[in-house]
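Please consult the sequence and the structure while reading.

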Amino acid sequence: MQRVQEPGSRPLLAGVLLGPHVLNALPIAPVTVEHGLFHELARILLAVSVMAVALRYPIAAVRRHTRALAVLLLVVMPAMAAISTGLGWAVAGLPLAAALLFGTAICPTDPVLASSVVTGDLAERDLPARDRQLLSLESGANDGLALPLVVAAIAVAGPLSAGAAVSESLWQVLGALVTGALLGAVGGAALRLGDKHGATAHGPALLFTVVLALGILGVAGLLHVDGVLAVFVGGLAFNAVGTGAERTSEVEIDEAVNRFAVLPLFVLLGAALPWQQWTQLGWKAPALVVAVLLLRRIPIVLLLRRPLHLPLPDAVYLGWFGPVGVSALFYLTMEAEGLGVDDAVLGAGTLVLAASTVAFGLTAAAGRNLYIRTRSSESRSRAPDVH
């Protein structure tokens, strides 16, 4: 049966209608005030989402994409941060330090929204497996690996020294890799042992993966390492060591996350959007949205399509469908919690987040259909003339 996943655009708009500026059924304070609440909600949602991504494909498929993923994570993501920083400074008029906070926060692609175009019967029918796997794995990995960029931005904007920023980044990333790998491997071995003794029915296996994600997140928090990255690495280790049957839980994880976490979060966010900060941007608001949507990711993916081994239609598709979403909310609120940053940063960041969510939701079906037509036209043009 076809799975239909609801992108964040509809619940976001529903939240706007229910919020204090329209019906006032959800009289919640703006995200610039309630950033602590949204940070915790985003952190938990990302953890469960990246666990689902890590379980989505056999570990052999992950290994096949190592080189392309290295390009996406080590070249494309920093380039997106640099481009977004430049746009925040040049278009939104943010001071350079604030623009750096803005640019690094919105650079990672979002696994929560990206799942809606890479999973389900239609995606599996219409999109190449490699494209779906690349976008999934990139979005799962770069949510955690964006942390060093954000820490560097915090060092520029706040009292953190360069040496402290490097030490913090190394501890967060290396600690996350070790913590995630150990706990994921232990979890996979435990599941394999339980399966050997007939103690892992389908329901408990699903529950086990969710509990494992939250457990890794909790241990990472105690150790002060990158929790989202630790969960993703833990999921990969769990995938590699486990029986393989746990991948059947990924479908239910996606559906559970969508129903019980994504929809409420985006409804709350829609009610808490900082309209005052958006209004203060004036004409810069639509200019920033258009500039970020068109320039943040598409040009760099097109430029690197040969190293990524992507045909032109695939590069355009993966360039557009790399949305700003929950991961940006996580880092924007982390910056606000850690620095008490100017509301202009949260205002510009949530503006791009909301616009990307709506644009992504509106173009998901049309983009897939356009991709199909483009690939079909290319195939016909390459076909030999038999007459």
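## Overall architecture

The model is predicted. The chain contains 19 helices and zero strands. Of its 387 residues, 53% are buried. The chain exposes about 16,300 Å², and carbon and sulfur atoms supply 67% of that area.

Among the contacts in the chain with a separation of 6 or more, 84% are between residues 24 or more positions apart.

Helix H6 spans residues 111–118 and is mostly covered, with seven of its eight residues buried. The buried residues are Pro 111, Val 112, Leu 113, Ala 114, Ser 115, Val 117 and Val 118. At the start of H6, a side-chain oxygen of Asp 110 comes to within 3.3 Å of the backbone nitrogen of Val 112. After H6 comes Gly 120, which has a positive phi near 105°.

H6 packs with helix H8 (residues 129–145) at an angle of about 170°, and the two axes are 10 Å apart. Angles over 145 degrees count as roughly antiparallel, and H6 and H8 are therefore roughly antiparallel to each other. On the H6 side, the contact is made by Pro 111, Ala 114, Val 117 and Val 118. H8 contributes Arg 132, Leu 135, Ser 136, Ser 139, Gly 140 and Asp 143. In an α-helix there are 3.6 residues a turn, so residues three or four places apart point the same way.

Ala 237 belongs to helix H12, which covers residues 227–241. Its relative accessible area is 15%. Because buried means under 20% relative accessible area, Ala 237 counts as buried.

With neighbours within four places in sequence left aside, Ala 237 is in contact with Gly 180, Ala 181, Gly 184 and Ala 185. The C-alpha atoms of Ala 237 and Leu 55 are separated by 9.6 Å, although these residues are 182 residues apart along the chain.

## Aromatic pairs

The count of aromatic pairs comes to five. In the pair of Tyr 317 and Tyr 371, the ring centres are 5.5 Å apart and the planes lie at 55°, so the pair is tilted. Tyr 317 lies in helix H17 (residues 312–320) and Tyr 371 in helix H19 (residues 343–382), so the pair ties together parts that are 54 residues apart in sequence.

Both Tyr 317 and Tyr 371 are buried. Together with Phe 321 and Phe 360, Tyr 317 and Tyr 371 form one aromatic cluster.

## Loop histidines with positive phi

His 224 is a residue other than glycine with a positive phi, near 60°. His 224 is placed in the loop between helix H11 (202–223) and H12. Its relative accessibility is 58%, so His 224 counts as exposed.

His 309 is likewise not a glycine, yet its phi is positive, about 55°. The loop between helix H16 (298–303) and H17 holds His 309. Since exposed means over 50% relative accessible area, His 309 is exposed at 62%.

Technical notes
Residues are numbered from 1 along each chain as its sequence is written. This is a predicted model: local features need pLDDT of at least 70, side-chain atom pairs count only at pLDDT 80 or more; totals for chains, interfaces and linings use all residues. Side-chain values use heavy atoms; hydrogens and water are left out. Rings of Phe, Tyr and Trp (its six-membered ring) pair if their centres lie within 6.5 Å; planes under 30 degrees apart count as stacked, over 60 as edge-to-face and the rest as tilted. Helices (H or I, at least four residues) and strands (E, at least two) are DSSP runs, numbered from the N terminus. Buried means under 20% relative accessible area, exposed over 50%, partly exposed in between (1.4 Å probe, protein chains only). Contact means heavy atoms within 4.5 Å. Accessible areas come from the Shrake-Rupley method with a 1.4 Å probe; for residues, only the protein chains shown count as cover. A polar contact is a pair of N or O atoms within 3.5 Å; within protein, one must be able to donate a hydrogen and the other to accept it, and residues adjacent in sequence count only if both atoms are side-chain atoms. Axes are lines fitted to C-alpha atoms, for helices over the stretch in contact, and angles run from 0 to 180 degrees between N-to-C directions. Angles under 35 degrees count as roughly parallel, over 145 as roughly antiparallel, 65 to 115 as roughly perpendicular and the rest as oblique.
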